[in-house]
Amino acid sequence: MKQAISINVNEVDHRDEVEPRLLLVHYLRDLLGLTGTHVGCETSICGACTILVDGQAVKSCTMFAVQADGANITTIEGLATNGNLHPMQEGFWEKHGLQCGYCTPGMIIAATQLIDRNPNPSRDEIRHGLEGNLCRCTGYQHIVEAVEYAAKKKADL
Amino acid sequence: MAAKYVGKRIKRTEDPRLIKGLAHYVDDVRLPDTLHVAFVRSIYAHARITSIDVTEALKAPGVVAVYTGKDIATTVGPVPCAAALPDLKIPDYRVLATGKALFVGHPIAAVVATDRYLARDAADLISVDYEELPVAVDVEASAKGGPVIHEQFGSNIAYTLTSGEGDIEAALKSADHIVTQRMVHQRLAPVAMEGRGVLARYFPGEEELTLWSSTQIPHLMRTQVALMIGLPENKLRVITPEVGGGFGSKLNVYAEEALLAWISIQLGKPVKWIESRRENMQATIHGRAQVGTVEVGCKNDGTITGLRYNVVADLGAYHQLLTPAIPTLTGLMLSGAYRIPAIQMNVTGVFTNKMSTDAYRGAGRPEATYVVERAMDIVAAELKIDPVEVRRKNFPAKTEFPFHTATGLDYDSGDYEAALDKALNLSGYAKLRAEQAKARAAGKLIGIGMSSYVEICALGPSQAMPAGGWESATVRIEPTGTVTVLTGASPHGQGQETSFAQIAADELGVDLNAVTVIHGDTAIVQYGIGTFGSRATAVGGTAVLIAIQKLKEKAAKIAAHVLRCEASSLAFEGGRYSRPSAAAASAVSEPDVAVGEAPAGALPEPDTEGRSTLTIQEIALIAHIAKELPPDTEPGLSATYFFEPKNFTFPFGTHICVVEIDKETGETKFLRYVAVDDCGKVINPLLVDGQIHGGIVQAIGQALYEEVVYDEQGQLVTGELMDYALPKASQMPWFELDRTETPSPVNPLGVKGVGEAGTIGATPAVVNAIVDALSPYGVKHLDMPARPEAVWKLITG
């Protein structure tokens, strides 16, 4: 039995009828075509599917679309404003914080929440803040530098 | 050529699409009317399949078709193995199990439905009756006897091989000491963050099939899949969209790739399969999985006289593309960074009821480096001399290169002592030892570990490879002046869209943004070998360089013709050919043709009257309009080159790390990690640092956390990322990197390769540090992963 949902994604309202078992990540990817959010493990370990639900970083592979009824969602596609990269996106580019890029959208989203909560994090705090996001390519060091770059950039804005 | 880009820390041109979430991985490629495939996989490690009932599944909503082993037994050829070894036993590996299932995850049936959820639902309605069979799980036991997996071979031994040079018996006899150590290289899972995935689309009218696959080897896949499904190779197009990591796991041709291609032909519709993480753990290749014993003979002064390594390699149930060949790479690298007069490896490749092992980042070399570098520390402990001195004692001098090893290789170039000394200085080794002594006196468990590694890269000369070790490039300057580079390499995160553009932009004197590097589409790119074995830049980058040199020979001829002078007299500077008299004053006086600003419609030929210089982009336009070409000159401006390297390259380095072990919990914490690597000439230091960082973290994963565990029934215990421990940001140290730069004489770029260095060099450094920390307890060795529990047991006795 399909259920009606109403979700705002990247400042666009969407109304759909979905199966209750439809995962939020599949709603975003398959129905809305927002394929920047990736699925890496299906068990909430890797964080590739991280999005913001009402400002909170959430792993969208283990949340149902119907649970997001009424929510405001930001995905990687909605992070840049007026064509300008978010400081976190810029940081990942400047500091080579990505290689294959698969974990990157989730990593960037998680990192934006991290500096929202802690505008001037230490390297240890960055590493702990990103424990829920796995990267198999970078060894994390350039990601830490990317987050430092973004925190500084944001503070300077 | 003036280096404006090569050698600089240039940020990647591929990043914008990735950081905006606009890149396309396989599952992001959407085609109308796509059907989705779900698999039924064996729940047993070894079982006879007595019946498969698909009746209910066929009735389920959305289901279009169900296929089992009998459907493909005579229509789809076996999964290929390209490794050629004497007397190698090669089992028939069908894309769906026929008769028996030989490992947990072995595909048994494929369900095709209109939606991925419905395909999964229907797969659960398929009823498989199994007759469980005794399992062969432990590799050493399976080598000796027990249940036989492939009855036709009479045992589980797939091959035995002895390699090496020198009289090992005499070498060990001449030693003052012989140290012996058993070592386990545990089974690992590559865990690319994007699993595998396939989308196949067949056009019945054109009889053409396009296969999107997350692979490292699009062209090799085209050849193999075409053979497997009986489609002419020129009717199959393989596209690798964005690939979310490979680490060797996508250097393969898998059952699912051929099966999806075949299903698409049967149904005349696009079909897609996206691997779940559980499937990835079960049915994507694993790595390592060797158990061996090393014997090393040494003199009292630390001189190594000989090394013997007897090893059993756990191959899994079948051979994937390179499965049996991986241990032979171990044999090649057993000389490490040292002069060892006699070396012997005796390897037994053994079938077990598990997923196949194959190339995982390093592919046989991490095992060799671990054996040699652990052995150096064991020798140092035996002789009570500093591990640094044992290494130094046995290094070949930099004047001895090319250096022949008793494993049959000729190391191209090296200065091992320079890298060692740099690492010692950077880490402050002497001071570290003093601090360690103080900390020990205070009851702290501090360990210092090192590893001086050599690896083998730029795979490789075709003579030494199963099927071609060259790489190809086409470089084209388009009529509007943009530069297109087609490479047969297939980067998937390494950044060659940027680094190859750096090479091209410098050689052609054009802006970096004028260059586009295209890869991973067999309909666009000339045949290539792919990206693995740290080969893309050393082999593929060289192909780009030489193709450009060929292109410039032609461009110079055209320039000479138009400028009315001898080609040999032309100067090429800043992307501009100049007549001798004009060379000095030229570049500033005449404006460039701006890239992309050529007028639409008919392209006007540049006004060459009275010109003394021409940009290479103007020459491209002249070459395309073809009204002002020298006699007998082909129109167009492009060149293709297939580069065949004469040898491998041999990067090296020294890693030093400092760990502290918590006595109460057995946990290992990093205090320092210093890495000095020499990968020859560096095209982009930023990317090289990234490769080193990532490689070290995978090595630390092996040393401390990761292990694929099958229980005694052959059940996969580590079936998800909840059970398989990948390194996290919070567990990793801050890496202090430096480099020495010893150019390779094997290619004109002087590059060696860096993709696997970290993974090869770092594992023994970490384990050596842990053993060093535990040495007050008499610990001489511990097997990986050094889980807290295992370490704590050693502390508490």
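Q: Which elements of chain B each supply at least two residues of the lining of the largest cavity?
A: This is a predicted model, in which local features need pLDDT of at least 70 and side-chain atom pairs pLDDT 80 or more, while totals for chains, interfaces and linings use all residues. Residues are numbered from 1 along each chain as written, chains are lettered from A and ligands numbered from 1 in written order, and side-chain values use heavy atoms, without hydrogens and water. A cavity is a set of 1 Å grid points where a 1.4 Å probe fits but cannot get out, and its lining residues have an atom within 4 Å of a point. With helices (H or I, at least four residues) and strands (E, at least two) taken as DSSP runs, the elements are β13 (287-298), β14 (304-316) and α10 (326-332).

Q: What volume does the largest cavity have?
A: Five cavities reach 30 Å³ or more. Volume is the space filled by probe spheres set on points joined across faces, edges and corners. For the largest cavity, whose lining includes B:Arg288, B:Asp314 and B:Glu367, the value is about 60 Å³.

Q: Why is helix α1 of chain A largely enclosed by the rest of the structure?
A: Buried means under 20% relative accessible area (1.4 Å probe, protein chains only). Among the buried residues of α1(A) are A:Leu24, A:Tyr27 and A:Arg29. The helix is largely enclosed because the buried residues number six of the eight.

Q: Which residue just after α1(A) takes a positive phi?
A: Helix α1 of chain A covers residues 24-31. Just after α1(A), a phi of about 70 degrees is taken by A:Gly33.

How values were computed:
On a 1 Å grid over the protein atoms alone, a cavity is a set of points where a 1.4 Å probe fits but cannot get out, and a pocket is an open set with protein on both sides within 12 Å along at least five of seven lines; lining residues have an atom within 4 Å of a point. Buried means under 20% relative accessible area, exposed over 50%, partly exposed in between (1.4 Å probe, protein chains only).
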